[in-house]
Amino acid sequence: MNMAAALAPAATALRSPKGAIAGGWLLLVILGAILAPWLTPYGYDVQNLPGAFQPPNAQHWLGTDEFGRDLLTRLLYGARTSLSVSAVAIGISVTAGLILGAVAGYFGGRLDRAVTVVVDLTWSFPEILVALILVAIVGPGVTGTLAAIGVAYLAQFTRLARAQIMAIRAETYVEAARSLGASDAFILFRHLIPNTLSPVLVAAMLATGDAIILEATLGFFGLGAQPPIPSWGAMMSSGTAQLFRAPGIILFPGLCVAATVVAINLYGDALVRALDIRSRARTH
Amino acid sequence: MLAFTFRRLLALIPVFLAVSLIIFLILHLIPGDPVDNLIKIGASAGQRAEIEARYGLDRPLPVQYLVWLGNVLQGDLGTAIVGRRAVSAIVAQALPYSLMLGGCALLFSSILGIALGIVAALKRDRWPDQAIMGGVLIGSTMPGFWLGLMLILVFAVWLGWFPVSGARGWTSLVLPVLTVGLGGTALVARVTRIAMIEAGQRDFVLLLHAKGLPVWRIQLFHVLRHALIPVVTILALRIGWILGGSVTVEVVFARPGLGSTLIKALAQHDYPVVQACLLMLAVAVMLGTLLGDILQAVMDPRVRTALQ
């Protein structure tokens, strides 16, 4: 698959109004996160106690927090933490789940049964519970959060990949490849896994939305990225004490989380539709 | 029915063993010596020896697990490091609060969710449907704790209708139940809507219309009965998620309960308490799923006959 063909549905998804708004917001947040050091003159951890609790003004567009730190700056740097941790965690989850599910679905037998038992076990528990068990083992912080989110969504991707592989492993082109003497690994990685990628990637995108909430929740509990590194969840956690004086400290990061997750869902839906049209056009 | 329940209960035993094994292993997977993680800093050599003997920490790992499991099954969950109380007492104190919150939230999200789902299905593709489904999307994507904080801000700080935090009196229950329940409501409404629409397209509905039954009777007494089966399945599966949601909400509202106890214990590295809370939550999820299976069998004659 060449690059242009891979990106075509992503562009098609932008054509609907919902998809365009959602895609626009996501682009804005991602650019804001990447360009944070150049977009703002303030540091995320520079305290200015006399300037604490400022309402929104020309210098501080969203005001300042209890230590006089610029809220917009912390929001931009918070996006860096929240988005990168969620995306990397889901990346780990997808890669591991894809390989585990593909191998289990392709080879079947005892290995498949073992994988299925473990996956069904984690699947039956809420992600937050799985995540908290992982945090208990690894400890709070970025590593703990990565492990927690990565394992919490592993079952979902393993299941999906396994089902996809099982549906296509008996196709004639697989048989053709095998009769030409292709090895199992070659068939898996060259033929089967690439053919399962688009549903898995859409699922990964939607799961990233859930992961952002999970990351914010862990951050809110004080179990995520440790201060002074800002994350949306940690910002809201420190904001609870200031709820009466400065509700903005909680309001803005929360709005960012909600808007980003809604945008991911809307864009994901548009993407599903775009991919559907493509597959239909190909079969007819 | 009894045999079915019994068989389902038996099937949970390996799941329980696996989960308890993972939770047991937490103490050995974390960095550091298990004894150090079980006692306060500065404990005497005698106290160390006592802990070692009690948990059998000098014996091989499988034996330790059996000792621990035996203690757990007898209700001995160890002693909290911070506070030095029996963990079972801490759990017994927290559990009723969590059950109360979870139960009320479940009830709230079922009633409101089914009602909204019915309205959306009846007014399909018109504005009430679109408004409800839009609300559902927003409701299901909002982080639970943030919704809780916003509710506190509006109803407790600005309007002063309900207390900000704590668990005194029924008024302190309103906002937490709303927070946990609204997430579940979104899901129940979505499933009810789809199930109602699908059930409404069956042949028997056409027959009822031909017989001249009023539309509201058909929808509420006949279609809804069919539609409720998937709703109950989803609700049962979500019992765990609702309990998970109450973990966050308890922290937001500073309510006593399993969730807030767990988060506090995690921050304090109080591992006996962490293990006990995780185990309790896991057991609650398993029992919730079991309850859902049983309810489904009671409601669906097809499942019942398939079992006999």
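The model is predicted, so to speak read with care: local features need pLDDT of at least 70, side-chain atom pairs count only at pLDDT 80 or more, and totals for chains, interfaces and linings use all residues. Residues are numbered from 1 along each chain as its sequence is written, with chains lettered from A and ligands numbered from 1 in the order in which they are written.

Helix α9 of chain A covers residues 184-220 (helices are DSSP runs of H or I with at least four residues, numbered from the N terminus). Its end C-alpha atoms are only 45 Å apart, whereas a straight helix of 37 residues would span 54 Å (1.5 Å times one less than the number of residues). A kink of about 45° sits at A:L197, shortly before the proline A:P199 (the angle between axes fitted to the seven residues ending there and the seven starting there). After α9(A) comes A:G222, with a positive phi near 80°.

Turning to the two chains, 31 residues of chain A are in contact with 34 residues of chain B (C-beta atoms, placed from the backbone, within 7 Å). On the chain A side, α5 (127-138), α9 and α11 (248-283) each give two or more residues. That side has 24 nonpolar residues, seven polar and no charged (Ala, Val, Leu, Ile, Met, Phe, Trp, Tyr, Cys and Pro count as nonpolar, Asp, Glu, Lys and Arg as charged, the others, Gly among them, as polar).

Within chain B, B:L258, B:T261, B:L262, B:A265 and B:L266 of α11(B) meet residues of α12(B), including B:V273 and B:C277.
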